[in-house]
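This report goes through one protein chain, from its overall make-up to a few single residues. Keep the structure in view while reading.

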Amino acid sequence: MADHDHHHHGHHHGGGGYRFCPRCAGSLVRRVLKSNEPGRLVCEKCSFIFYQDPKVVAGTICTLDGGLVLLRRGIEPAMGKWVFPGGYVDRGESTTEAAVRETLEESHLEVETRSLLGVYSYPGSPNVIIVYVAAVVGGALAAGDESTEAGTFSLARIPWDELAFPSTVEALRDFERLYGQGQVC
């Protein structure tokens with residue numbers, strides 16, 4: 001996941017450790033600005049509102065030699081668990097570009113996105129996970145970046161009890177439901 005964890009659970013919700021205004025370095029305090037919205041971090045000095053936006057993650061589910069490509073994570077969170085390739089989308093990067101880039105960095109596979117599988121998000125987590133079905137067009141499968149192992153799994157052999165995140169399970173279940181009868185890529 002190229003120097004970003006796939007899921008920082010709840011990381012930047014409670015204020016996320018932000019104390020100073022990025023504009024003038026004044027102190028940030030939490031204030032309710034609209035009654036139907038959560039409290040916002042507001043600068044006491046210049047009144048700048050520091051919006052804590054969601055983090056967007058993009059990933060791919062692709063097949064190789066009849067199996068789905070999964071990676072064993074070499075970092076926390078969920079170290080040692082299996083996940084599909086993915087990582088944070090950089091500002092100004094399209095979600096498909098990020099999914100392709102992260103897949104190459106993590107699995108050494110060149111892919112092309114084919115269709116949107118699903119979008120996954122959870123209360124208390126800042127992450128919005130966008131997952132594409134992709135086709136392998138080049139490269140050779142190997143563990144890259146933050147993974148210790150790369151493998152392919154038939155749907156019958158997916159290690160359901162060793163998957164890293166709720167989104168990993170949900171996306172693979174959706175893939176199984178949509179494509180379980182035939183080969184997709």
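Two strands count as paired if DSSP finds at least two bridges between them. Strands themselves are DSSP runs of E with at least two residues, numbered from the N terminus.

## The chain as a whole

The model is predicted. Its chain holds two helices and ten strands. Read from the N terminus, the order of elements is β-β-β-β-β-β-β-α-β-β-β-α.

Of the 185 residues in the chain, 43% are buried. The chain has an accessible surface of about 9500 Å², and carbon and sulfur atoms account for 49% of that surface. Contacts between residues at least 6 apart in sequence can also be sorted by separation: 65% of them join residues at least 24 apart.

Three strands make up an open sheet, in the order 1-2-3, with antiparallel pairing. Strand 1 (28-31) and strand 3 (49-50) are at the edges with a single partner strand each, so one side of each has no neighbour in the sheet.

Strand 2, which covers residues 40-43, pairs with strand 3 in the antiparallel sense over two bridges. Val 42 has Ile 49 of strand 3 as its bridge partner.

## Strand 9 and its partners

Strand 9 (residues 127-139) pairs with strand 4 (residues 55-64) in the parallel sense, over nine bridges. Within strand 9, Tyr 132 stands opposite Thr 60.

Strand 9 also pairs with strand 8 (residues 109-121); these two run antiparallel and are joined by eleven bridges. Strand 8 and strand 9 form a hairpin with five residues between the strands, where Gly 124 takes a positive phi near 85 degrees.

## Helix 1

Helix 1 spans residues 95-107, which is 13 residues. From first C-alpha to last, helix 1 reaches 18 Å, close to the 18 Å expected at 1.5 Å a residue. His 108 follows helix 1 and has a positive phi, near 65 degrees.

Which residues of helix 1 are buried? They are Ala 98, Ala 99, Glu 102, Thr 103, Glu 106 and Ser 107. Seen down the axis of helix 1, these buried residues fall within an arc of 130 degrees, so they line one face of the helix. The cover over the buried residues of helix 1 includes strand 4, strand 5 (67-73), strand 7 (86-88), strand 8, strand 9 and strand 10 (147-153).

Technical notes:
Residues numbered from 1 in each chain as written. Predicted model: local features only at pLDDT ≥ 70, side-chain atom pairs only at ≥ 80, totals over all residues. Heavy atoms only, no water. Helix = DSSP H or I, 4+ residues; strand = E, 2+ residues; numbered from the N terminus. Buried < 20%, exposed > 50% of the residue type's maximum accessible area, 1.4 Å probe, protein only. Contact = heavy atoms within 4.5 Å. Areas by Shrake-Rupley, 256 points an atom, 1.4 Å probe, with all protein chains shown as cover. Expected span 1.5 Å × (residues − 1). Arc of directions from axis to C-beta.
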